[in-house]
Amino acid sequence: MPYPQAPAAAATLIEPRVIEVVAKRFAFEPARIEATEGEHVRLVLTSADGVHGVGIKKFRVEKTVPRGGTPVTIDFVASAAGEFPILCSEYCGNGHDEMKGLLVVAARKQ
Ligand SMILES: [Cu+2]
């Protein structure tokens, strides 16, 4: 047995935090997403109506969310603590500019 199996705990550490988000005119639900610094975050976005987009500039997240409810998966590492706006990156109507969410990344405890 040259390669001992990794302990089960190691596998759970690399599991992403999966957060399902619904984009709709003109909001993200939930509007506030929380993560911990260094955490691998997987956003699964669906649109409840037309085309939307999701953008989190800090973590180079930029993706179109198609109409029809097809889920879009976005993976990133929340590599910095702080509060970062989540914006709709596709013009979706009159309330587009108000379509905002917030990603809150808590500092990792030392
Ligand atoms: Cu929009």
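Mentor: Let us begin with a single pair, bearing in mind that this is a predicted model: Ile 19 has Leu 43, a residue of E4, as its bridge partner.

Trainee: What makes strand E1 and strand E4 a pair, and in which sense do they run?

Mentor: Two strands pair if there are at least two bridges between them, and E1 (residues 17-24) and E4 (residues 40-47) have seven bridges, in the parallel sense, so E1 and E4 are called paired.

Trainee: How do you know that E1 and E2 pair too, and in which sense?

Mentor: The requirement is again at least two bridges, and E1 and strand E2 (residues 27-29) have three, in the antiparallel sense; Val 22, for instance, stands opposite Glu 29 in E2, and the two strands form a hairpin with two residues between them.

Trainee: Why is Asn 94 called exposed?

Mentor: A residue counts as exposed if 12 or fewer other C-beta atoms lie within 10 Å of its own, and Asn 94 has 8, so the name exposed applies. Asn 94 is placed in the loop between E8 and E9, and its C-alpha atom is separated by 8.6 Å from that of Phe 26, 68 residues apart along the chain.

Trainee: Which residues have the most contacts inside the largest nonpolar core?

Mentor: That core has 19 residues, and those with the most contacts inside it are Ala 23, Ala 35, Leu 45, Val 54 and Leu 103, while E4 gives the most to this core, with three residues.

Key: Residues numbered from 1 in each chain as written. Predicted model: local features only at pLDDT ≥ 70, side-chain atom pairs only at ≥ 80, totals over all residues. Helix = DSSP H or I, 4+ residues; strand = E, 2+ residues; numbered from the N terminus. Core = buried A, V, L, I, M, F, W, Y, C linked by C-beta atoms within 7 Å. Buried ≥ 20, exposed ≤ 12 C-beta atoms within 10 Å, placed from the backbone.
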